[in-house]
Each structure stands twice: as structure tokens, then as C-alpha cells.
Amino acid sequence: MGKHLGTLIWAVLLSMLAANPLWAAEEDEEPAPFVTPELVVPEPASAVMGWVDSREPQSLNGSWKLLVDPMQVGTPGGFFGGWATTRTPVDAFQLLEYSYPDAADIRVPGDFNTQRQELFFYRDTVWYQRNFNVEAEADTRYHLWFGGANFDATVFLNGAPVARHKGGYVPFSVDVTAHLQPEGNDLVIRINNRLGDDTVPTGRTDWWPYGGLTRDVMLVATPEQYIVNAKVVLNNDRNAITAEVATEGFAAGDEVTVVIPQLDISQTARISDNGDAQLSIPAQPELWHPDAPKLYRVELAAGDDRVSDQIGFRTIETSGTTIMLNGEPIKFKGISTHEEPIGRDGVAYSEADMRVLFNEAKNLGVNFVRAAHYPYSRHAARVADEMGILLWEEVPIYWNIAWENADTLAIARDQISRLIERDWNRASVVIWSVANETPYSESRMKFLGRLIDDVRELDDSRLVSAALLGDTRRELKHVAAHLAAHGQGSDIASDEEKAIFQGVLAAAGEAAPEPGSSFTLVIDDPLGELVDIVSYNEYFGWYYARALAPQMGVSEQTIRKLMLQFIPQVTMSTAFGKPMFISEFGAGAKAGKRGEGVWTEDYQAAVYRAQIAMLSHSPQVQGMTPWILKDFRAMLRSLPGIQDYRNRKGLIDQNGRRKQAFYVLRDFYNGPWADTH
Ligand code: GCU
């Protein structure tokens with residue numbers, strides 16, 4: 001008995017040594033304590049699962065549990081054991097240092113930053129958990145579908161890591177049929193909203209990096225053989241509807257049928273061996289237009305599977321410097337937005353949120369919205385389809401990106417393809433934008449060139465653009481000379497300042513402009529070659545005065561006042577025979593602040609009047625989306641009493657209070673500009 005007991009104790013001790021690195025350390029090399037092993041998790045389905053709303057999915061929205069984990073304690077395999085499953089102590093002796101049942105509640109969809117005051121600035125890991133039941137049926141597949149999770153999400157179901165998606169803002173799904181149990185499914189999502197140098201966007205954005213399950217979460221049921229997605233658009237000659245259908249599980253030769261009852265269309269095609277089917281159906285639909293946003297019910301059938309959607313048919317193209325909608329010239333009377341609701345902090349996540357936001361844009365007289373700077377929820381384009389608002393959709397390639405980092409490129413390509421595969425049937429969406437204010441470099445051109453190729457491969461029925469910065473340094477040199485010439489004879493500048501202006505003009509020599517002479521700004525960023533519409537962000541009246549005043553040694557007041565008089569003499573143009581679009585201009589104002597100077601409604605309105613005078617006589621300019629409809633949250637904007645972590649360039653404040661400039665732009669859009677071509 002004694003000898004065996006001894007052996008038994010040794011065996012137990014040895015196994016404990018093997019299980020606990022801390023103890024084992026004494027044996028061989030010194031592993032760092034608390035190392036969290038990298039988890040190997042499969043990717044989600046590469047293709048976006050489309051048409052999901054017609055499948056009556058089981059919503060997993062609602063109240064979830066949230067644990068906050070700034071030190072990555074929860075990652076499975078770590079010293080603290082991991083939080084990928086819900087566990088409760090079996091008895092008083094079991095040591096567990098986390099508990100979902102006792103955790104705080106959090107609403108899904110929505111960001112966590114504005115639901116918990118202490119998480120307002122938080123940018124790191126949290127864990128979401130909820131249980132759900134499912135009456136699983138035979139011959140049925142079950143897919144977890146996420147509208148978007150910011151920014152790095154790992155999905156665990158009943159303890160199994162089923163999918164990891166990096167990037168945020170776009171939909172992804174995973175087939176979890178094999179992991180489901182009838183009752184008490186334990187769904188845990190680890191999410192990290194920290195952004196860095198190699199993410200998309202990087203960690204420096206002029207909008208709030210809202211984190212969490214910001215979009216709908218659903219369980220989608222399909223037959224074993226099902227329709228994954230389909231693109232249904234009108235051809236450029238506007239005499240046929242083409243459908244490209246992707247399926248899963250069917251045999252080559254099986255059939256897909258497209259039915260459009262209102263057009264009396266029912267046509268069938270055979271599925272090829274890679275699961276796809278193509279159809280071209282002669283048709284003369286009533287064309288979708290902002291003034292008449294006609295939508296048609298489209299039904300797809302294959303085997304036992306049935307899906308449907310409401311789709312509008314229109315064409316969009318350019319001809320020289322003109323934009324053509326349904327073959328007719330159109331100008332984009334627009335406004336930029338962020339995905340934030342009016343009157344509530346945080347992300348806009350519902351159809352209702354988007355309806356209120358776009359309705360206020362409509363009150364401005366717009367026919368176009370730039371949905372900056374990242375993909376919004378699927379509700380945005382659906383609401384725009386119904387309300388008759390043309391849309392610019394964008395991926396957050398913003399400012400400086402790690403252009404030479406292969407992982408960064410992979411995230412960007414994943415984002416643009418998922419955005420397109422989700423919204424390619426939305427008539428409202430007319431422009432895919434691949435970037436915003438990215439400084440010129442060879443690696444930038446290569447990166448964006450790759451994205452633009454992807455866009456054209458996936459969808460050649462829409463226009464491609466990017467918001468360019470242009471060579472601001474070169475442009476401002478010209479502007480300085482013009483301001484000097486203008487300032488010479490003005491009663492704005494002091495005598496000392498006039499002397500400085502004299503010096504500027506002398507330095508310009510032959511090139512010195514005449515007082516009151518006009519100036520044509522030419523955008524020639526080489527990316528203009530690759531896009532269909534040359535878009536440009538400019539801040540005459542706001543940032544440029546701040547840059548020029550110290551450079552010229554003249555007061556900012558003088559430069560601002562001269563600039564407001566000078567702006568109407570500027571003409572915007574590009575070096576490319578393509579339509580030009582002003583994707584941003586603007587000025588900040590605190591609602592209710594009146595009088596002279598920056599941050600007053602009066603100054604903002606004056607900038608709008610000057611900009612409108614400039615843009616309405618720039619023949620190449622075929623559209624604009626001033627920055628921005630509503631004041632929005634931004635960590636870059638801390639000026640107490642004015643900004644308080646909001647960018648104040650809105651035409652309405654966060655509660656919807658309109659500023660003077662709102663009416664300046666509305667009156668312009670209700671004027672004749674858009675009807676002159
Ligand atoms: C930039 C940028 C916006 C930003 C704006 C501003 O142009 O694209 O994201 O918010 O300027 O400075 O207000």
C-alpha cells in the first residue's frame with residue numbers, strides 16, 4: 001500500500017507541474033507569466049450572405065451581458081482560464097474570476113462607449129454574452145449573421161471559436177449548424193475596438209471609434225441548398241435586367257428562377273458547376289430617380305429556397321465633365337453625414353435613426369448624401385432607396401494608412417468587397433469611394449489602385465471616387481499672393497500688414513496677381529486618372545487662414561476677412577476631363593453663438609455664402625457635400641465650452657438645432673443651380 005501511495009502522489013504532482021507553467025518554469029526555460037496564446041480561429045464566410053431580411057431571421061438583438069477586459073484576461077488558454085464560455089462555480093470551492101450572469105447589461109445593436117459612462121473613451125477588449133434557443137429543423141443550415149462589429153470580433157458558440165472578423169463596419173456570417181444545441185446556446189463575442197497604425201482606419205480619426213456589436217445580430221436559417229447572394233441591376237442600355245446569382249450546395253444544371261411580378265417577368269437559368277448562374281432579361285422598368293424612387297419586388301427561387309427584395313433600376317455614368325442619371329445630366333445637391341442619430345449619443349443603428357437623419361437632409365433640399373467615412377448599417381441605403389436620396393458609400397481608408405502592409409490591404413479589400421456585396425442592389429448607391437484625404441505616394445497609388453480594380457471587378461455599374469486633398473501647400477502659395485494683392489487696396493489690413501503684402505508680391509515677381517484677379521485651382525492628384533469623379537476636400541474660410549496667417553506674419557483676422565472676399569474669385573477645376581465634386585467644405589459654429597469670428601453661426605454662414613459663390617461659377621463642379629449635416633463626436637475636438645469632443649461643423653447641432661448656414665445652403669439648393677447643365 002505505502003509504495004503505491006508514494007507513486008500515486010508523484011504522478012499527481014508531475015501532472016500538476018505539467019499543467020501549470022509557473023511551477024514547470026523551475027524545470028526548463030522561463031516562459032513569461034500570463035502569456036496569452038494567440039487563438040487560431042477560422043475566418044467567416046468569404047462571401048456576404050445577402051437578401052437576409054426576406055428570410056425572417058431570428059433576431060439576437062436585445063440585452064446582452066458585457067465584461068470589460070483591458071488586459072486580455074479572458075482569452076482562452078491564458079492563466080485566468082478564458083471567458084469563451086459561461087461558467088458558474090459548481091460549489092464554494094471553485095475559483096472563477098468572471099461571471100456573465102452577474103455582469104452588466106448592454107444593448108445590442110449599439111456601441112458600448114455611450115452606454116456606459118466609464119467606457120466613453122475606452123478603446124480595448126470587451127466580452128459580450130447571451131444565451132439563445134433555436135427550434136432546429138432537419139435539412140436546415142443555421143448561420144450567425146452580424147451587420148458589423150467594431151473592430152476585431154471573435155465569435156464563440158458553446159465554447160467553440162467559430163469565426164474572427166477584423167475590420168469593423170461590414171457584415172459577416174458563419175455557418176454554425178454543427179455547433180448548435182436546441183437549448184441554452186452560449187454565444188460569446190470578444191471585441192476589441194483599439195485601432196493602430198496598420199488597421200483600417202488607423203487609430204487617428206476625426207470621428208468616434210465606437211466599439212462593440214454596433215449592428216444587428218441574427219440567426220439566419222436556410223435550406224441545405226441555398227441562395228447566398230445575387231446582384232440584380234439594369235444594364236447600361238437600360239433595356240435589360242441582369243442577374244448574377246451565387247448559390248451553395250446545388251448541382252450543376254439545377255435551376256434558379258428570377259421573378260419580377262410587376263414587370264411580368266419570370267426567367268430561369270441553370271447553375272454552373274461553381275454554383276453561379278447568370279441571367280439577362282429584356283425589360284423596360286420605370287427608372288428609379290430621387291424625384292420618383294420606384295422600387296420593384298424581385299423574387300429568386302432555387303430548389304426549396306426563396307428570397308426577395310425591393311430593388312430600383314437606374315443607370316449612372318459620366319460623359320465628359322457631366323454626371324448622367326438614367327442618361328440625363330444631374331447635379332448632386334448634397335451633404336456629408338456621420339452615422340450618428342439626431343438627439344442621442346452613439347452610433348445610429350436602426351432604420352428609424354437613418355430615416356430621421358436623412359429626413360433632415362431632405363429638409364435641406366438635397367438629392368445626395370455622402371455617407372462618410374465608413375460603411376453604415378444596411379438600413380442606410382434601404383432608407384435612401386425609399387426616400388429618393390442618392391448615396392456615396394465609402395471605406396475608411398482615411399488619412400495615412402500602412403500602404404505597404406499586406407494585412408492592412410487585406411482588411412481594406414475585405415471591407416470594400418463586403419460593402420459592395422451588401423449594397424449592390426441599392427439603386428440609391430451611385431458612388432463607391434475608396435479613400436479620404438490620403439497624401440500622394442507610390443505605395444498609396446498601388447494600394448488604392450488595387451482597391452479600384454476590385455471595385456470595378458465586383459460592380460462596373462457604379463462610379464468610383466475618392467476624396468482628394470490636392471497639393472494644398474502649392475495651392476496656398478498662390479492663394480497667399482492673391483490675398484496680398486487683394487489686401488493691398490483693402491481697408492481690412494493695417495499699414496504694417498500692407499507692407500508685408502508688398503513683400504509677398506515683390507517675391508512673386510512676374511507671377512504677382514493683380515488685385516481682384518481670379519484664381520483657378522487645378523486638382524491634378526494622379527489618383528484622378530483612376531476614378532470616375534474627381535472629388536476634392538477644401539477648407540477655404542476655415543483651416544487655410546489658420547495656416548497662412550503665421551506664414552505671412554499677418555493677423556488671422558485680416559486673413560480670414562480677406563479670404564471671405566477672395567473665395568468668390570476662385571474657380572475650382574481638375575486636370576482631368578471628368579466631373580468635379582466638392583466632397584467637403586465647411587466651418588465650425590456653436591449653435592446659438594452669434595456675432596463676429598470663428599465658432600459663431602454668422603461666420604459659418606459667411607463661409608457658406610462665399611463657398612456657394614465660388615462653386616456655383618466653377619463649371620466643372622457637378623456636385624458637393626458640405627461638411628457636415630450634424631455636429632458629431634470626435635476625440636480630436638476638445639475645446640471646452642465649444643467643442644467638448646464634438647466636431648462643430650454641423651449645420652445642425654447634436655440635438656437637431658439648425659444654425660444660420662443651414663438656411664444659406666437650403667436656399668441655394670432650392671435655387672436654379674442644379675437645373676443648369
Ligand atoms: C477632414 C476630414 C473629416 C474631418 C474634417 C474636419 O477633411 O475628411 O473627417 O472631420 O476635415 O476637419 O472637420
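## The sheet E14-E13-E16-E17

Four strands form an open sheet in the order E14-E13-E16-E17, and their pairing is antiparallel. In this predicted model, strand E14 (265–270) and strand E17 (305–311) stand at the edges, and each has a single partner strand, so one side of each is left without a neighbour in the sheet. Neighbouring strands of this sheet are turned against each other by 15° on average, when direction is ignored.

Within the sheet, strand E13 (residues 255–260) pairs with E14 in the antiparallel sense, and six bridges join the two.

The pairing of E1 with strand E10 (residues 217–223) is antiparallel and runs over two bridges. For Gln58, the bridge partner in E10 is Leu219.

Pro290 lies in the loop between strand E15 (276–282) and strand E16 (296–302). Is this residue buried or exposed? The relative accessible area of Pro290 is 5%, and the residue counts as buried because that value is under the cut-off of 20%.

When the neighbours within four places in sequence are left aside, Pro290 is in contact with Leu325, Lys362, Asn367, Met387, Gly388 and Leu390. As for Asp459, which is 169 residues from Pro290 along the chain, the C-alpha atoms of the two residues are separated by 21 Å.

## The helices H7 and H9

Two packed helices are described by the angle between their axes and the distance between the axes. For helix H7 (residues 472–488) and helix H9 (residues 543–552), the axes come within 11 Å and cross at roughly 70°. That angle makes H7 roughly perpendicular to H9, and the crossing of the two helices is right-handed.

Which residues of H7 and H9 meet? On the side of H7 they are Thr472, Leu476, Val479, Ala480, Leu483 and Ala484, while on the side of H9 they are Tyr544, Ala547, Leu548 and Met552. The residues of this contact between H7 and H9 divide into nine nonpolar and one polar, with no charged residue.

Notes: Residues are numbered from 1 along each chain as its sequence is written. This is a predicted model: local features need pLDDT of at least 70, side-chain atom pairs count only at pLDDT 80 or more; totals for chains, interfaces and linings use all residues. Side-chain values use heavy atoms; hydrogens and water are left out. Buried means under 20% relative accessible area, exposed over 50%, partly exposed in between (1.4 Å probe, protein chains only). Contact means heavy atoms within 4.5 Å. Axes are lines fitted to C-alpha atoms, for helices over the stretch in contact, and angles run from 0 to 180 degrees between N-to-C directions. Angles under 35 degrees count as roughly parallel, over 145 as roughly antiparallel, 65 to 115 as roughly perpendicular and the rest as oblique. A crossing is left-handed if the near helix is turned anticlockwise from the far one by less than a right angle, and right-handed if clockwise. Ala, Val, Leu, Ile, Met, Phe, Trp, Tyr, Cys and Pro count as nonpolar, Asp, Glu, Lys and Arg as charged, and the others, Gly among them, as polar. Two strands pair if DSSP finds at least two bridges between them.
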